[in-house]
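Let's take a walk through this one together, a piece at a time. Have the sequence and the model open side by side.

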Amino acid sequence: MLHIGMILHSRRADALEYAARIVRYLTNRGVSVSAEDEFANDLDVTPFSQAEKVDAIISLGGDGTLLRGFQYAYHWEAPLLGINLGRVGFLTEAEPGDIGIALDAVINGCYEVEERPVLHVEAGGQRWHALNDVVLSRGGRARLTMISAFVDGDLAGRYVADGVVVATPTGSTGYSLSAGGPIISPKVDCMVITPICAHTLQHRPTVVHGGAHITLELLADDVQTASLQVDGQSCGELQCGMRADIRMDVRPIRLIRLKEQHFFQLVRDKLTEWTR
């Protein structure tokens with residue numbers, strides 16, 4: 001039996017309404033459904049904590065919801081489909097009016113899969129995965145951070161800044177772009193290191209090859225700490241002298257595509273939305 005998992009935007013009432021309709025649609029077609037534990041009772045489906053296997057993940061929300069869904073999809077090695085209930089939705093594939101078409105495609109397996117690279121992050125003895133980016137920043141503190149960036153062991157930059165973003169091509173249109181980084185086609189095998197509000201005119205975003213090993217080191221300072229975020233989620237703090245090691249994981253994430261993607265058309269459309 002096909003088993004589909006669902007991720008919902010936690011602060012949108014319409015997300016739960018759409019999810020309830022989707023559950024009815026899927027169960028009427030013999031599909032088993034599960035959802036995040038906090039929504040499982042409302043939807044009368046199996047909670048993720050009790051699901052043994054998920055064949056596909058559907059996220060209902062914007063890019064933030066999809067990034068949360070990515071963690072589940074990556075864990076279960078399941079393809080991920082985003083349905084956009086947000087304003088921008090760079091990563092989502094379908095709009096609410098396309099839900100029926102999208103569900104039929106998933107049920108029948110009539111879709112293409114696009115592979116996107118994933119970052120593997122290690123810091124303080126813990127590990128995470130990121131679809132978009134890893135950020136080491138000053139958080140809510142007024143003081144600038146001092147961070148050294150190494151690429152394959154070579155010093156690439158020493159930044160006095162609000163922080164540093166390491167992004168995949170997928171994440172290049174997110175925080176990295178806002179910090180002045182380049183837009184990178186998802187077909188390019190690379191990562192980009194982007195300083196955030198660097199206190200110098202010399203530092204610029206740096207693009208490195210996809211097989212690189214990037215290390216961000218918080219410079220020795222007895223009062224300095226920095227916040228580590230992985231795909232926008234807080235993962236703790238680094239103390240002076242600590243490092244975050246970042247590289248591409250061997251396994252990509254699979255995104256469900258219902259139609260041919262035109263990346264730069266998408267960028268033009270979404271950037272126009274931002275300025276409205």
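**Starting from a core residue**

Begin at Ile246, which touches Leu119, His120, Val121, Val134, Val166, Ala212, His213, Ile214 and Leu216, leaving aside residues up to four places away in sequence; contact here means heavy atoms within 4.5 Å. Before going further, a word on what you're looking at: this is a predicted model, where local features need pLDDT of at least 70, side-chain atom pairs count only at pLDDT 80 or more, and totals for chains, interfaces and linings use all residues. Residues are numbered from 1 along each chain as its sequence is written, and side-chain values use heavy atoms, with hydrogens and water left out.

Ile246 is one of the residues that touch the most other members of the largest nonpolar core, along with Leu119, Ile193, Ile214, Leu216 and Leu228; that core has 29 residues. A nonpolar core is a set of buried Ala, Val, Leu, Ile, Met, Phe, Trp, Tyr and Cys residues joined through side-chain atoms within 4.5 Å. Buried means under 20% relative accessible area, exposed over 50%, and partly exposed in between (1.4 Å probe, protein chains only). Another core, of 27 residues, lies apart from it, with Phe39, Leu81, Ala102 and Ile256 among its members. In soluble globular proteins, nonpolar side chains tend to be buried together.

Now for the helices. Helices (H or I, at least four residues) and strands (E, at least two) are DSSP runs, numbered from the N terminus. H1 takes in residues 13-27, and its 15 residues should span 21 Å at 1.5 Å a residue; the end C-alpha atoms are 22 Å apart, which agrees. (The expected span is 1.5 Å times one less than the number of residues.) Buried in H1 are Ala15, Ala19, Ile22, Val23 and Leu26. Down the helix axis, the buried residues of H1 fall within an arc of 105°, so they line one face; the arc is that of the directions from the axis to the C-beta atoms. What's on the face turned away from that buried side? Exposed Ala13 and Arg24 of H1 sit there. The cover over the buried residues of H1 includes strand S1 (3-8), helix H2 (37-43) and helix H4 (99-108).

H3 (residues 63-76) has a kink to look for: a bend of about 25° at Gly69, taken as the angle between axes fitted to the seven residues ending there and the seven starting there. The buried residues of H3 pack against S1, S4, S5, strand S8 (126-130) and strand S19 (253-257).

Asp152, in the loop between strand S10 (145-151) and strand S11 (154-161), has a positive phi of about 50° without being a glycine. Cys197, in the loop between S13 and strand S14 (206-209), also has a positive phi of about 50°. Asp152 counts as partly exposed at 42% relative accessibility, while Cys197, at 56%, counts as exposed.

Finally, step back into strand S13 (residues 190-196), where you'll find Thr194. Is Thr194 buried or exposed? At 0% relative accessibility, Thr194 counts as buried. The Thr194 side chain makes a polar contact with the side chain of Ser176, at 2.8 Å. (A polar contact is a pair of N or O atoms within 3.5 Å; within protein, one must be able to donate a hydrogen and the other to accept it, and residues adjacent in sequence count only if both atoms are side-chain atoms.)
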